Number of protein chains: 2
Amino acid sequence: MTPKENIQALRMMMQSQGWDAIVISGTDPHSSEYLPARWQSRRYITGFTGSYGTVVVTHTHAGLWTDSRYFIQATKQLEGTGIELHKLRVPAAIDYPEWLAQNLSAGATVCIDGLCMPLATVEHMKSLFTPKGISIVSSPDFIDTLWSDRPSLPDAKVFELGIEYSGRSRSDKLAWLRNSIAERGCGSILISSLDEIAWTLNIRSQDIAHTPVVIAYLRVSDQEATLYTTEEKFTPPLREALGKDGVTLAPYAQIIEAITTWPTDTPIYIDGNMLNYAIYEQVTAHYGTKVVNATSPIKLEKALKNEVEIAGFRRAYLKDGIVQTRFFRWLECALQDGERISEIDAAEKLISLRKEMDGYIDESFYPISAYGKNAALPHYTANKEECSMLEPHGLYLLDSGAHYLDGTTDITRTIPLGPLTEDEAFDYTCVLQGMIALSLASFPSGTRGANLDVLARMPLWKYNRNYGHGTGHGVGHVLCVHEGPQDMRQNLADQPILPGMITSCEPGMYCEGLYGIRHENMLLCYQDEVNEYGDWLGFMTLTNTYIDTTPLVEELLTDEEKMFIDSFNASVYESLLPHLTEEEASWLKTKTIDCLFEPEEEL
Amino acid sequence: MTPKENIQALRMMMQSQGWDAIVISGTDPHSSEYLPARWQSRRYITGFTGSYGTVVVTHTHAGLWTDSRYFIQATKQLEGTGIELHKLRVPAAIDYPEWLAQNLSAGATVCIDGLCMPLATVEHMKSLFTPKGISIVSSPDFIDTLWSDRPSLPDAKVFELGIEYSGRSRSDKLAWLRNSIAERGCGSILISSLDEIAWTLNIRSQDIAHTPVVIAYLRVSDQEATLYTTEEKFTPPLREALGKDGVTLAPYAQIIEAITTWPTDTPIYIDGNMLNYAIYEQVTAHYGTKVVNATSPIKLEKALKNEVEIAGFRRAYLKDGIVQTRFFRWLECALQDGERISEIDAAEKLISLRKEMDGYIDESFYPISAYGKNAALPHYTANKEECSMLEPHGLYLLDSGAHYLDGTTDITRTIPLGPLTEDEAFDYTCVLQGMIALSLASFPSGTRGANLDVLARMPLWKYNRNYGHGTGHGVGHVLCVHEGPQDMRQNLADQPILPGMITSCEPGMYCEGLYGIRHENMLLCYQDEVNEYGDWLGFMTLTNTYIDTTPLVEELLTDEEKMFIDSFNASVYESLLPHLTEEEASWLKTKTIDCLFEPEEEL
């Protein structure tokens, strides 16, 4: 069906049910960032392929609310659908709950799918709707009736991430978790975040593209642990291993029913920011006031990478460095030979090179392979029907990453394919200065991303230029490529950056219709000296892919910045050398050692 | 009485009243920063002269809670009193409400003076005490019985700050205020913040040292406005002028009684963060749920200086520049002549020079005149009995300011009195780099102090050094020298820096037992260009006092920093030149034009 027909079908459903509006969040029951096909309802209804947005349909209006990352893409994809784009994160933006509160009359009913909406979102809506006399009704899976070929649950096999990669046994994590919830007076916890479940049980799967987690709910109590999932996906040895640690399996669909059988002698711990509304309703109906609703303790614990995980991340970035050296060399040679290469060709070549590496599982997201003006869309995705051919001028942006058994990568390089304009070279330099400034930061314990973010922006702010996205995000260990609780942005999130956290540093600059630039390294926070002025922290760079220095405007750079670039590129060359063929090594030398601002005589 | 005797007397009172603890906040009924003698109860009880702290007395313990600014001073002043120092803003600090909740038994009673404690503080205590079965009793002015010679209310005359200084008429401000509260559904507002009252009515006084406000409460309703104050302090013409704008006077002591007579047909607006607990109790007893408790709208409005106020600030900084040129010249000559000058002598000389300026009202705080190691205490106050003599080596720190009719100043200079150690010169340079980095910041609208603060710190953080106070604070217009709502610090306060705000920029560096450095300029936020990347703001420096360049370690400075210093010092010289004698001008030339990194041929 076309988006127009979908909206019509939704309105007929509204008519027959007596609903005045439908909200489609387009998330899954687990607040996942990447969704199995089964839950891509926003995309099914509207044709919009972005990863963030909410659809609202009333009898007279159909709208999609999304943020600046997707303005250009959404405008294009919504054309002719009758669905209006509502812009978020712009001055005077009105989000959909406020819009509904303003546009519906008293007595109106808004329908949601309670499984696919987090509690916090529903509570926020209620706080706006109740004073206006608007009510909410939850109708799980209402989309089924108009989505005839809706995909079923994924069935990928589950595998164990051994202690040689995870660095911490399942039994140790379970013991820690039981202790954490006991400190809050709870005898059990219900976890619905898939990455938290995978982390706790040291299991991984490929249920969801780009996120190696298992679709499940996990309940852990003093006595037992039950994983509600598709049992068939677990091999007998893995079931046995889980059983040894006291973890039993139960069918995924039984969760709502199961809740009513759990003992209520002690309070249950839930994270209302992650739990979906339907489950939450069931939990509170059963436990009454014996519910502790707080941030999951796993969220922070998981972000503090242990020594084994950190060593794994280093191996992963080494692998990615090898892959990208091969890729950029291939690209340069192919373009010189006059080959016609599209953005998609390049992305697929990169993926094929990654697949050759030991322990490769999946891309951590589909590569953003963007040439010229396409790179001005920070979350551009090329598609076969309509993608650009790379030409021997201007800038090519490649933002990609992989899951290896060792760890997860995320890296962006923007490289010149030939001559650049002055603006391109200028912005290329400023963006790199931002990445360097944050990478070199030394800061006392307690400092948050909101305090540091400006360092990456100031080289652009200086010229009244800016980028409309955050500077950095946490990265999971063979889990989500975007994870909390820390981030690096202007928002005032009260989470200090702590030793062991791995956070991206990815300033950018986007000129609509012309070009886009982003440089992204991955930073590991480490503990430096403790003195009378504080407990000092710093960043180590994990990324092992060279920075192309040819576009840099040297007079803009300080000596410190030049030293950073030199030592980074020299270290990339040295690290990768043992793993490259002679031809690859000599090519990489031309990109690194031969381009140092201060040539080193020893090398 | 000695502090020991005071504690004993408090315990006897506790015994007879059945109280288990007494909390003395040492604030006044108006949450003022500087207190009339009448309300300096913390100082009276303990002998501690710092501006921040809370005293708690139980039957077995007496403690003073204060922050890092006062650790050294409090340790010294509490010696032998039996009062223990509890440090705040250090790792694992426990504030007094938590301490009381931990140390008192169920059924215990804590006595406070409800007039001298803001509602928010009492509510915080209650949230901790109630679960523990601890109750709070408010006994206004309980200190009276043991403070036999307690000073009475101040009686300074009140004067009008004419529109030529305030830039906005009283009637216009009252109309704006009535409109603001009507938008929140309120028909009246009760204001207890003295600077908000003074701003609204364009009145000033010298009731309180260093803060030219009038002790009063103000109620403004649709129909009328009543100022509860000491009526005798108002001249007949001023009463008449107020009367013309519908403002009548009533006795200060009648406020509690008066509340019970106010009509309750419309809700009343109060700011619970500023209102004292005793008044709040009376308001809620009378109005029930018809109370809107929110930040006063005056707080932000007052911070956005109008054109007339800004012009006044410029004149005030010009006056202060003249004064400080005269002062530093006098100091240099006097020391060269071998005169013996103490920290107090210097402070008094500065004040005497300021008093010669037109429109001088008062110092905006008593000068921090600190030589050598004394400057390592950021809020050091010299006193006659025990203060240092200035010697021809090391650093002298002078942090001072004044209220002129034109505006309020606050400025710190640290100057070398002779040879410096390498560390002194190094830190002097880094601190100045911090001040320059923030002064040069360009930032999009929406940026908060918490986002920018790091710019002033990074030149120190780079070397794992830091200062333990905020970088900046707002400044009132002939009002409090410290005012909100904006600030410049690591704390996540959600107030963007807006055009018209005037904020100090004062990084420092303190080496206990050795030296202290602080450089402080005053920055006016202004609107710069609007482009596709944002609505850009920047800072203009208002301060007109030269920066001594002789201690600067030139190799640490970038070209941009040198240019800033050169253009700042050249502009100071040019601005002050018309107002100086020939001798003064030629002396200032040696400190500015003769010291430029890049000598300008024109000058």
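Which side chain does K462(B) meet in a salt bridge? Hold that thought for a moment, everyone.

First, some housekeeping. This is a predicted model, where local features need pLDDT of at least 70 and side-chain atom pairs count only at pLDDT 80 or more, while totals for chains, interfaces and linings use all residues. Residues are numbered from 1 along each chain as its sequence is written, chains are lettered from A and ligands numbered from 1 in the order in which they are written, and side-chain values use heavy atoms, leaving out hydrogens and water.

Now, back to our lysine. K462(B) meets the side chain of E560(A), 3.6 Å from N to O; a salt bridge here is a side-chain nitrogen of Lys or Arg within 4 Å of a carboxyl oxygen of Asp or Glu. This pair crosses between chains, from the loop between α16 (449-461) and β19 (472-474) of chain B to helix α17 (residues 559-576) of chain A. Helices (H or I, at least four residues) and strands (E, at least two) are DSSP runs, numbered from the N terminus. K462(B) is partly exposed at 42% relative accessible area, and E560(A) is partly exposed too, at 37%. For that scale, buried is under 20%, exposed is over 50%, and partly exposed is in between (1.4 Å probe, protein chains only).

How are the copies arranged? A rotation of 180° with 0.1 Å of shift along its axis superposes chain A on chain B, with an RMSD of 0.1 Å, fitted by least squares on C-alpha atoms of residues with pLDDT of at least 70 in both. The two copies are thus related as by a two-fold rotation axis. In chain A, N451(A) has the C-alpha nearest that axis, at 2.5 Å.

On to the interface. There, 31 residues of chain A contact 31 of chain B, with contact meaning heavy atoms within 4.5 Å. The copies meet through the same surface, because 100% of chain A's interface residues are also interface residues in chain B.

Finally, a pair inside one chain. R518(B) and D399(B) form a salt bridge with the closest N and O atoms 2.7 Å apart. R518(B) sits in strand β23 (residues 515-518) and D399(B) in strand β16 (residues 395-404) of chain B, so the pair ties together parts 119 residues apart in sequence. Both residues, R518(B) and D399(B), are buried.
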